[in-house]
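Open the model in your viewer and keep the selection tool at hand. The stops below say what to select next and what is there.

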Amino acid sequence: MLKHGYLIDMDGVIYRGAELIEGAAAFIQYLQETDIPFLFLTNNSAYTPLDVVVKLKKFGISTTVEHVYTSAMATAEFVHKQRPHGTALVIGEGGLLNALNDVGYAISRDYPDYVIVGEGRVLNFEMAEAAHRAIANGAHLISTNADTWCPTDNGPRPGCGAIAAMLESATGRKAYHVGKPNPFMMRAARKRINLATDEVIMIGDTMDTDIRGATDLGFRSILVLTGSTTRQTLREYPFEPTMVVESIAALVPALEEAIAR
Ligand SMILES: [Mg+2]
């Protein structure tokens, strides 16, 4: 089989809330044993890579921070590239704050270069007001991802994209979304696993982010039906994944078969 590697979304692929999806641990172990490159690729900007590693460990998956790439990291790289050593007012959590500090960004409410919105539960009206004022004073509005809602154990909650939309509506300015499917994040992920475009396979559960991002970049894609997409809703999209499987559990047998061929 050709050289290849995987970009792997987590929520809806590896786990759903606090529940591990069957076959996920075995698939990751298979990649590790066969030295197939992989990178966990998540639009959730609330957590640091270390937080993700610890969460996966609880599910019986051992990995290292080098195998995790979040939309918070992509966002930090983006603003650093645009304006090195700038300042940002942040509506988000530790994952985003840490990633920004790592690239030399300072967190500031006084005339920041950017207002950056991430996933999390920290929003209050005072923060919304400070963000609105900063944008009115010339700060650019950035969000770590455009997801308008996210699944939780107790049902849906508003996502980062919805908070960004509120600020767009209030200020009349458009947010720039860095996370999947933005080619900025997809390309940066490919470079991290050091593979060529036709060697990359994206595994995800969401058409608008995972499969759209892979399609735009020319990666192959595998849609799993354990998350946000059903066979019914899949038909509504003008693009298709390369392959559709019920769950990640189907992938180890499929890979072994491909190698045996
Ligand atoms: Mg997902």
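Start by selecting A214, which is buried, because 26 other C-beta atoms lie within 10 Å. (A residue is buried if 20 or more other C-beta atoms lie within 10 Å of its own, exposed if 12 or fewer, and partly exposed in between; C-beta atoms are placed from the backbone.) This is a predicted model: local features need pLDDT of at least 70, side-chain atom pairs count only at pLDDT 80 or more, and totals for chains, interfaces and linings use all residues. Residues are numbered from 1 along each chain as its sequence is written.

Now show the helix around this residue: A214 lies in helix α8, residues 207-217. (Helices are DSSP runs of H or I with at least four residues, strands are runs of E with at least two, and both are numbered from the N terminus.) Leaving out residues up to four places away in sequence, A214 touches M202, F219, R220 and S221.

Is M207 buried or exposed? M207 is buried, with 21 other C-beta atoms within 10 Å. Residues up to four places away in sequence aside, M207 touches R212, T229, L234 and Y237.

Then colour the chain by domain. Domain 1 is 5-43 + 181-260 and domain 2 is 72-177. (The bounds come from an automatic or database domain assignment.) Taken over C-alpha atoms, the centres of domain 1 and domain 2 are 27 Å apart. Nine residues of domain 1 are in contact with nine residues of domain 2. On the domain 1 side, α7 gives the most, with three residues.

Select helix α3 (residues 71-82) and helix α7 (residues 183-193) together. These helices pack at an angle of about 105°, with their axes 10 Å apart. (Axes are lines fitted to C-alpha atoms, for helices over the stretch in contact, and angles run from 0 to 180 degrees between N-to-C directions.) The angle makes α3 roughly perpendicular to α7. (Angles of 65 to 115 degrees count as roughly perpendicular, under 35 as roughly parallel, over 145 as roughly antiparallel and the rest as oblique.) Which residues of α3 and α7 meet? S71, A74, E77 and F78 in α3 meet F184, M185 and A188 in α7.

Move to V115. Apart from neighbours within four places in sequence, V115 is in contact with L89, A131, A134, I135, A139 and L141.

Finish at a few backbone details. The peptide bond from K180 to P181 is cis, with omega near 10°, and P181 lies in the loop between β12 (176-177) and α7. N194, in the loop between α7 and β13 (200-204), has phi near 60°, a positive value in a residue other than glycine. N194 is exposed, with 9 other C-beta atoms within 10 Å. Y111, in the loop between β7 (106-107) and β8 (114-117), has a positive phi near 45°. Y111 is exposed, with 12 other C-beta atoms within 10 Å.

How values were computed. Two residues are in contact if their C-beta atoms, placed from the backbone, lie within 7 Å.
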